[in-house]
Structure formats: structure tokens, C-alpha cells
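This report goes through one protein structure in short sections. Please look over the sequence and the model before reading on.

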Amino acid sequence: MTVLRPHAEDQYADELAILAKHDDRPRPPGWRLSPWAVTTYLLGDPDHPGGVITPKYIGPRRIVEVAVATLATDRALLLLGVPGTAKTWLSEHLAAAVCGDSTLLVQGTAGTAEEAVRYGWNYARLLAEGPSREALTPSPVMRAMSEGQLARVEELTRMPSDVQDALITVLSEKTLPIPELNEEVQAAKGFNVIATANDRDRGVNELSSALRRRFNTVVLPVPASAEEEVDIVSRRVAQLGRSLELPETPAGLEEIRRVVTVFRELRSGVTADGRTKVKSPSGTLSTAEAISVLTSGLALAAHFGDGVLRPSDVAAGIVGAVVQDPVSDRVVWREYLEAVVREREDWRDFYRACRDAG
């Protein structure tokens, strides 16, 4: 069986090989590609001499350059942004391009223990043999230090403060003490950390000033324009359709534009022409959610429709994404539907589909 979602280094192995073959720029210690080639991998290059390099991230080039340059220094990288701004996606592809392994991952939650950042123990061996290297279970961070690779920490601000602070010595001294063995692990060249954090999680577990100083923070913005967001959504929906092996279905650019427009207007609180203010729902209505709505719509069109993406295929997904709170969000959605969508002459079919779905 093939995997549902290959790791970035496997899915784009051909492109990484092309870039490595034609990469004659200086590479930091332990890196598989130069910073220039890593940036090219992320942003794409249709005219690359080795073949087409597809864009993995669509956004300001300078943001990517700063992120890549940070990883070439002794400072860790913190990707900060609202939900759905491709923080995890960018983190994975950075690790794939820099060290060829995006799997050294710590998932931050309220229940994440310190062992996830430092190390744990195989308690059967610990009881039988006592403390030893063989009884020690390395964390992804510890493995990354030993092998000179990138460790990824997802949702850093969701981790308890004492677990966050376990990173301070790792990031400042580049060592991980093992007092039980009177030893330490020193970071090999190439080691660094990429962390992600959600703008909306500020106040959950704030980073200490000591830890924040160890990171260079890069804020990932929402797509600057509707056209840019349509481009992002179109690409990802097409990729997911191929990955899920959905029957061939036209992408439905008109429906993609409508979904993106609805999400952007509700997110910003004003219509695209700036004439009408609207209330915003409680949800984030991110680009990632738009991708999910449209991928679900493609599945409906392919399996239960006529193979063409229509308003009725995306309507239920939009309502589900917007109406997170069944009381307040339903009022927001109904007002938007009647005051904005209904008044657009070329959106009548979309209005009827959304009204029926709601």
C-alpha cells in the first residue's frame, strides 16, 4: 500500500536531487543544499536548468529568505501566525530541504511531557540494568542534536512552561545534560530548531523572555490578495485530489473564487469592494479551511454529482466552516447570506445552495 501523505523529502525527492546536482553555492555545515537552493525549492523556479521546481510556499520572498538565513545561524526559528498560514507546511519543507529529514517532530500539547524534549527511559531495561545509554530513549530533539539535523516543535505555546524551558539550555549552550549518567549530548554542526506557534494562542502558555530571546521570530501573513489566495487554494486542492486519487474533476475556478471571497470578507469584516461591513464569525476561516471545503466539494462532485464542481458541492462545507458556534455564528452567516450574497446577480445559484444547506 502507498502512504496517504508522503513526507516532503519523499514526495519531492526528484526536485531536491535536481537542486543538489546544480547547486554550486556555499552550504552551511551539515546542510544538503545551499540557502539559495533551499529558497528556490520553497518558492519554485519554472526555468531551473535541471527541470521545473514547483512552489511549496506562496508568499513574500523576503520572509522565506529570513527564515532560511536564521537556520544558518546559532539562533532557532519561530514561525508565528494565525491558523492556516502554512506554518507547519513551511516547517516541514524547510527541514526536508536543509537536512533531508522532516520527521524529527515534537507535537506540543497541554499534556506534552519534558521527556518529549529531553529524553525518556525504557523502564524495563532501567529496572533490570540500571541507568545506561542503552536504557535511554532519545527525544526527537536529542536525535537531531546527535545527528546534526533540524528538530521541529509544533505549537510551542501549547506546551507547559516548564517543558518549554527545557529548550533553553539546548538552544543557548547547544548541549543536553544527562545527569543520571553524568554525561551530555553536544549538538553536531547542522543542528537547529524550527518551532511554530499560533497567534491566537497568546496567553495560553506565553514564552518566557529567556526562551523568546533564543528564537528569531518570523511572522507568516495571510495571503495579501484574493488572487494569491486563489492560487494557493487551487494548487493545494489539485495536489490533494491527486494524492487521494479522486476521479478527474475540473477544479472549478469560479467556485474556488467564491469560497475564497466569502472567507476573506467574513475574516476581514468588510466586503471586497469596501462598501458593506459584515460581522465576523468565531472561527478563523483560514486558507487551510478553504482548501478543506473545496477538497470535500471535489469528492462530492466526483462521486455523487456529474463530475463538475458546483455551488451545491461546496455549500455544506462553507456552512460547516463558518458556523462553529451554533447560536452566534448562525446569525452572522444568515446576515451575510441575505445582505451580501443575495445581492450579487451572478451568485444566485450559490445563494440558493448555501440557503438550502443552512
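How many bridges join β1 to strand β9, and in which sense do the two run? Five bridges join them, and the strands run parallel.

## Basis of the model

The model is predicted; local features need pLDDT of at least 70, side-chain atom pairs count only at pLDDT 80 or more, and totals for chains, interfaces and linings use all residues. Residues are numbered from 1 along each chain as its sequence is written, and side-chain values use heavy atoms, leaving out hydrogens and water.

## The chain as a whole

The protein chain has 16 helices and nine strands. Helices (H or I, at least four residues) and strands (E, at least two) are DSSP runs, numbered from the N terminus. Along its principal axes, the C-alpha trace spans about 75 × 50 × 40 Å.

Of the 358 residues in the chain, 47% are buried, where buried means under 20% relative accessible area with a 1.4 Å probe, counting protein chains only. Among contacts (heavy atoms within 4.5 Å) with a separation of 6 or more, 72% are between residues 24 or more positions apart.

## Surface and charge

The chain has 41 positive and 50 negative charges, and their mean positions are 4 Å apart. Lys and Arg count as positive and Asp and Glu as negative, without His and the chain ends; each charge is placed at NZ of Lys, CZ of Arg, CG of Asp or CD of Glu.

Strand β1 covers residues 76–81, and six of its six residues are buried, so the strand is largely enclosed by the rest of the structure. In a regular strand the side chains alternate between the two faces of the sheet. In β1, A76, L78 and L80 point one way, while L77, L79 and G81 point the other way.

Two strands pair if DSSP finds at least two bridges between them. Strand β9 spans residues 215–219, and its residue N216 is the bridge partner of L77. Strand β8 (residues 192–198) also pairs with β1, in the parallel sense and over five bridges. There, N198 is the bridge partner of G81.

## Residue E229

E229 lies in helix α11, which covers residues 226–243. Its relative accessibility is 0%, so E229 counts as buried.

Beyond neighbours within four places in sequence, E229 is in contact with P223, V260, R264, R267 and T287. E154 is 75 residues from E229 along the chain, and their C-alpha atoms are separated by 24 Å.

Note on methods: Buried < 20%, exposed > 50% of the residue type's maximum accessible area, 1.4 Å probe, protein only.
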